[in-house]
Amino acid sequence: MQAELLIHADWILPVDTADRTLARHSLCIDRGRIRALLPRAEAEQQIQATQVLELPDHALIPGLINAHTHAAMTLLRGLADDLPLMTWLHEHIWPAEGRWVDTEFVADGTRLAVLEMLRGGITCFNDMYFYPEVTARIAAAAGMRVLAGMIVVDLPTRYAQDADEYLRRGLELHERYRQHPLARTGFAPHSTYAVSEEPLARIRTLSDELEVQVHTHVHETHDEVVQSLRAHGERPLARLDRLGLLGPRLIAVHMTQLEDAEITRVAETGAHVVHCPESNLKLASGFCRVADLLDAGVNVALGTDGAASNNDLNLLAEMRTAALLAKGVAGSAAAVPAETALRMATLNGAKALGIDDETGSLEVGKAADVVAVDLGNPHTQPLYHACSQMVYAASSNQVQQVWIAGQQVIRDGEPLTLEPDRILAAAHRWRARIAESNAGSKGEPNAGSQAEPNAER
């Protein structure tokens, strides 16, 4: 067999149905796709490759999928930490966003996010923010996969004045990227408290017609549920169910406030849950019952949330936190083992985004979205179980090589499709502008923040 690239690695974690760890195997890539995955001795006999890459002490994993982000909010990282939610929003985040969020802000913030994510082995992200056309353009230019959210909120902002305009702009974006190999679109109504029932009903209809996902915050905090009961007499998840949105295209983010019957209903309808453990912990939002959801058959993926509330976009760290937190919440050390945590960060994310036929695992025929992690580092040695070390000990600075659809975007830890110096210079300029103006100014909320005075982010 002739091929473009043959990678020899000490371990391959394909995230297939058997949760296998393959020792001394090789991965063959040609024309952007995985063509073979076989023992090294067989690969050397059967495959003639233009490039052969030796990666001793490395493990190959599928590209990580960050299933919930507000990418441009990297420019607000660390602006206001360790504060009560309402103080954080009203006195710091909203004023900064209201004054600064425009196309330039989103472009520079997204470039910074893409740089961080690629270096951390993330090959695809699901975004919710204003100016999604900018997010899609920046990600695609860097060779990265993105599900750009067609954002909808009821309140007027610089981006759009009402739900009709949000939807119109979103549909224009969808049309523009219908055939794009890397950038896709999905509806992103912020939440049931920020989007009224008429636009939510329209989104359900349009989602069915266009066959695209619906990405929204649901049951993030106890107060969100209480406010919904007071205002509407039903919990947010029940409202989505009544409107026909609870189904296999729904990506429900956070879900820290779940009753047993709701878990059963989510499983029955095939809706997906995105768990953001570190953001939920930092904002004291609550605990997602991940083990119970998985036991019920719900597809659970992982997200970082925005860098203003995390404060990083490190999905390797989220895997570890998710696994540890799930054990504590479930009261069982066996809850969410390492193999499950890795699956949540890869194949489960692909399923949630509706792209699992294309990516999410290292299988013949799928796109070559591949990450090589150097496990020879002292804090991942000695190595008895590669998957356990990947989840419980590896850090993002051990990511050495990244390919997306066969294109190498990270080589020896450095980006090939981005200019770090220019990206960091832009971040420094934004820091100076925002720090100078933040105190005392007032502004509007945006898609990464709260959209009503009495509701959560």
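At least two residues of the lining of the second largest pocket are supplied by each of α3 (103-119), α4 (132-141) and α16 (420-437). The model is predicted, so that local features need pLDDT of at least 70 and side-chain atom pairs count only at pLDDT 80 or more, whereas totals for chains, interfaces and linings use all residues. Residues are numbered from 1 along each chain as its sequence is written, and side-chain values use heavy atoms, with hydrogens and water left out. Helices (H or I, at least four residues) and strands (E, at least two) are DSSP runs numbered from the N terminus.

The contribution of α16 to the second largest pocket, four residues, is the largest share of the lining. This pocket holds about 300 Å³ of space and is lined by 13 residues, of which Asp108, Arg111, Glu419, Arg422 and Ile423 lie nearest its centre. A pocket is an open set of points on a 1 Å grid over the protein atoms alone, where a 1.4 Å probe fits, with protein on both sides within 12 Å along at least five of seven lines; lining residues have an atom within 4 Å of a point. Grid points are joined across faces, edges and corners, and the volume is the space filled by probe spheres set on the points. By class, the lining has six nonpolar, one polar and six charged residues (Ala, Val, Leu, Ile, Met, Phe, Trp, Tyr, Cys and Pro count as nonpolar; Asp, Glu, Lys and Arg as charged; the others, Gly among them, as polar).

The largest pocket has a volume of about 450 Å³. Of its 23 lining residues, Arg178, His180, Ala183, Arg184 and Ile355 are the closest to the centre. Two or more residues of this lining come from each of β7 and β8. The lining comprises 11 nonpolar, six polar and six charged residues.

Strands β7 (145-152) and β8 (183-189), together with α5 (163-176) and β9 (214-218), are also among the elements that cover the buried residues of α6. Helix α6 (residues 197-210) has 14 residues and reaches 20 Å from its first C-alpha to its last, close to the 20 Å expected at 1.5 Å a residue. Its buried residues are Pro199, Leu200, Ile203, Leu206 and Ser207. These residues lie on the same side of α6 because they cover an arc of only 125° around the axis. The face turned away from the buried side carries the exposed residues Glu198 and Glu209. Buried denotes under 20% relative accessible area, exposed over 50%, and partly exposed the range in between (1.4 Å probe, protein chains only). Glu211, which follows α6, has a positive phi near 60°.

Most residues other than glycine have a negative phi, and most peptide bonds are trans. Val15 is located in the loop between β1 (2-12) and β2 (22-30) and is buried, with a relative accessible area of 4%. Met255 occupies the loop between β10 (250-254) and α9 (260-269) and counts as buried at 0% relative accessibility. The peptide bond from Asn310 to Asn311 is cis, with omega near 25°; Asn311 lies in the loop between β12 (299-302) and α12. A cis peptide bond also joins Gln381 and Pro382, with omega about -5°, and Pro382 lies in the loop between β13 (370-374) and α15 (386-392).

Note on methods:
The expected span of a helix is 1.5 Å times one less than its number of residues. The arc is that of the directions from the helix axis to the C-beta atoms. Contact means heavy atoms within 4.5 Å.
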